[in-house]
Amino acid sequence: MAQKLQFCTFYLDGLLFGVKLTDVQEVIRFLEVTRVPLSSGVVSGLINLRGQIVTAIDLRKRLDIAPRPGEAQPMNVVVRSENCAVSLLVDQIGDVVEVEEDSFEPPPETLRGMVRTVILGVHKLDDRLLHVLDTEKACQVAETSEVAAIQT
Amino acid sequence: MPANDSDIVSEFLAESYENLDRLDRELVSLEKDPQNRDSLAGVFRTIHTIKGTCGFLGFGKLEKVAHAGENLLSLLRDGRLNLTPEITTVLLGMVDAIRQILAEIKTTGLEGDADYSGLLERLKLLQSSGAKPDAPPASPSAAPPPPVAPPIIEAKEVEKAVIQPAAKSEAPPAATGTASSETIRVGVNLLDNLMTLVGELVLARNQLLQYSNLVENASLQAVSQRLNLIATELQGEVMKTRMQPIGNIWNQFPRTVRDVALGCGKEVAIEMEGKETELDKTIIEAIKDPLTHLVRNAVDHGIELPEVRVKAGKPRTGRLLLRAFHQGGQVNIEISDDGGGLNRDRIKQKAVERGLLSPDQAARMADRETYNLIFLPGFSTAEKVTNVSGRGVGMDVVKTNVEKIGGTVDVQSTPGHGSTVRVKIPLTLAIIPALVVTCAGDRYAIPQVSLLELVRLEAEQAKTKIELVHGAPVYRLRERLLPLAYLRHELDVKPKDGAEAAGAINIVVLQADGRPFGLIVDTINDTEEIVVKPLSKQIKGIKTFAGASIMGDGSVALILDVLGVAQRANIIGETHDRELEEAVTGTGPQVSQKSSFLLFTGPDEAHMAVPLDTLARLEEIPASQVERSGTRWVAQYRGQILPLVNLAFALEERRSRRRHKKFFAAGAENARLQILVCNYKGQRVGVMVEQIVDIVEDSAEVRYPASRAGVLYSAVVQGQVTELIDIPAILEGSGIEAFQDERAAEVIQ
């Protein structure tokens, strides 16, 4: 029998995404974000997660998806990446989904660009596709303009 | 039979590391005093303990190494062998080998497969060769150059994982193992977690206090006040658990000095003062490498060869002095040697060769600036590259590392008499006082160590007072041009709501790399003690931020890295040149002879001033906040009660002893009172003056004796005859001490 995998799912611009359930620390509603000037655009800012300062990453920007409509407040999916908590900002939270391992397929060749490094592939659910994210990669941020500027 | 009981093994490891650290010290001191049977016995016992335990745990290789060492030591102990530098070197090599095996055990649980047969061979050899009773008495000074030590790989810093009990180097070696009941071993992780939790508790406490002030509920307020006290005390105590004596890292220096000195044929004695000076663990770790480098440097470069010393009329043995002491909320560490001092001309010559200075500049450069050139990257005057120093990296790394933790380095030198490197570092990094400012709707914290002063320009002034030097904004601060930077531009932020703050301008005068500059912010909020949290790796690369902190209302604020901001604004690059220019034109030192005064108007519009360094802060409070407590006037201030003294009455009371019914003149009930907050006998006292005028720098050279009590002298300050007020004398006459009892009584209630 094929192995079962569990994913914490969420929506971005109507698409269904998922990260491994074991990577997820918690899911919380919107928290006030303190922006970080000069950081990469992908970093939305810092949040206070019960006394711990956590970097929030705007997954829409990370995945090259159009910005979230103005008034909508994102949710925080807090994941553990290299032993550090990182919050991924998503539109809406979905269910915890259990899938068969063999429903997985790598992304098609036509998927190009940096998104390809973040999306491991898809699981074919009955009614839609579940995009599986590489948690580590999703938390990675390209060198900021600041760093580049100082190094030159 | 590898031991499988990990608890016993980790206990063994921790204990052995401590023993080894002591061994290093004891062996080096033994070398100086080979006849000291007590310390020899101590060394023997330590090795014996290690040997015994590892035999019990089944670490055969370790046992073999320790055993060979023990054999050699037993000969020494029985007086059948005399300690020579050669023997010491091999014994130290054995200590290193044991460390290496222990590190291996720690990471893999096994002893590893490094080969120590060479070392064992040497240990045996010395045993037999030196065992003759007629072995020539060793005289360390005349000893031949030591043989090449067996290949030694420095053991990793595993000791860090354990907080060591208080330094006990003075205790006799036999005392260990029995005195353990008063200290317990606690993992550093646990302490870090405790610190985090206390930080959270403090935040929760702040929120509760805010809430309890809104709700009129006496019992809630009482409870929250008590919580407040307890949390503050708890915070203090937890901070203390992270404090370690600097001796913990100094203890390895005798060994370092010995190795380096032996390597370059020098004789050096190391002395230490203030070993017990305590520092936060994170700082201790951060300064370990820079200090080690400075010590090695002092031996390699600073102290001369014995023959040279003798020729110069100095004792053969060089002296290296390490001093640590607290001063003004900072820890000072000094490393002094009595060597030849820095060679001023060679430094200048090098600087010119490297294109750092023009020959003309070099010729006129002051000594102090010259010496500090050695901290520039790639600067080394060592004539030959040794394995210790001279590679041109080092001093600049020392400087960068020290500055990273908010410290400063400075070097002083007297030709022929040696040099002193002074490192100043903050006590702790975990909780620092900071100035909170607002820029484009966000709050930022600025560490107060870099803060010099605040300047506020009203709207009309702002238009004219900020001038441009070919587009670069400057402000004339006490007749010197202060380069300005707009925080908003440097951070490239726009206000969230799009509203443009107009009118008054707030300049935060900061110091970066010894140079002042003004940072223009939207609003200056307050000073606050903040808990510093590191930035995550996603944003760590941004040089303008040193960390982040959680404010009283639970939101996150970034902590500005003043050095980073200055670099971004190009302040540092420019001013480095300026510093040189000033050094050559000689304008720099003159300024330092001046002192800063706060000018204000006193009673009857008299011109008065106080030296700025007697003041803690300046405050403006509404007159309605002044309350009466017993016979005193007070105001609530930063969660404490601030006793108030009206300067006008204080000067007058000395004559009339008249009691005043009101703190301020009639009709001033709605005015805002200007208060100078001073530190006096361990508490803060507010002195009310009529009007604060300005802060000026003046030498106040023209002086005239005081005409009344409470005045130091009259002087011409900024072209005006001004009375210099003697704040302590004023407060002396106002009975402030009695106040402390009242305060204590209140706390008890």
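## Strand β7 of chain A and its partners

In this predicted model, strand β5 of chain A, residues 52-58, runs parallel to β7(A), and four bridges link the pair. Within this pairing, A:D58 stands opposite A:L89 of β7(A). Strand β7 itself spans residues 84-90 of chain A and is mostly covered, with five of its seven residues buried.

Strand β7(A) also pairs with β6(A), residues 75-81, here in the antiparallel sense and over seven bridges. Across from A:L88 in β7(A) stands A:V77. The strands β6(A) and β7(A) form a hairpin with two residues between them, and in this hairpin A:E82 adopts a positive phi near 45 degrees.

## Chain A as a whole

Chain A contains four helices and 11 strands. Of its 152 residues, 38% are buried. When contacts in chain A between residues at least 6 apart in sequence are considered, 57% of them join residues at least 24 apart.

## The contact between chains A and B

Each chain's part in the contact can be stated by residue count: 24 residues come from chain A and 24 residues from chain B. On the side of chain A that touches chain B, the elements giving two or more residues are β4 (43-49), β5, β7 and α4 (145-151). The largest share, four residues, is supplied by β4(A). Sorted by class, this side of chain A holds 13 nonpolar, six polar and five charged residues.

In soluble globular proteins, nonpolar side chains tend to be buried together. The largest nonpolar core here has 81 residues, and those touching the most other members are A:L46, A:I57, A:L88, B:A445, B:I446, B:L519 and B:L560. Strand β8 of chain B, residues 431-439, gives the most to this core, namely six residues. The core lies between domain 2 (188-241) and domain 4 (432-592) of chain B, because both domains give residues to it.

One of the residues named above, B:L560, has contacts beyond its neighbours within four places in sequence: B:Y444, B:A445, B:I446, B:T544, B:F545, B:A546 and B:V565.

B:L126 belongs to helix α5 of chain B, which covers residues 117-130. This residue counts as buried because it has 21 C-beta neighbours inside 10 Å, where 20 or more are required. Apart from neighbours within four places in sequence, B:L126 is in contact with B:L72, B:I87 and B:V90. Although B:L126 and B:V90 are 36 residues apart in sequence, their C-alpha atoms are 9.0 Å apart in space.

B:S596 is found in strand β19 of chain B, residues 595-601. With 16 C-beta neighbours inside 10 Å, B:S596 counts as partly exposed, since that class falls between the limit of 12 or fewer for exposed residues and that of 20 or more for buried ones. Residues up to four places away in sequence aside, B:S596 touches B:L612, B:I695 and B:E697. From B:S596 to B:P611 the separation is 15 residues in sequence and 6.1 Å in space, C-alpha to C-alpha.

Conventions
Residues are numbered from 1 along each chain as its sequence is written. Chains are lettered from A and ligands numbered from 1 in the order in which they are written. This is a predicted model: local features need pLDDT of at least 70, side-chain atom pairs count only at pLDDT 80 or more; totals for chains, interfaces and linings use all residues. Two strands pair if DSSP finds at least two bridges between them. Two residues are in contact if their C-beta atoms, placed from the backbone, lie within 7 Å. Ala, Val, Leu, Ile, Met, Phe, Trp, Tyr, Cys and Pro count as nonpolar, Asp, Glu, Lys and Arg as charged, and the others, Gly among them, as polar. A nonpolar core is a set of buried Ala, Val, Leu, Ile, Met, Phe, Trp, Tyr and Cys residues joined through C-beta atoms within 7 Å. Domain bounds come from an automatic or database domain assignment.
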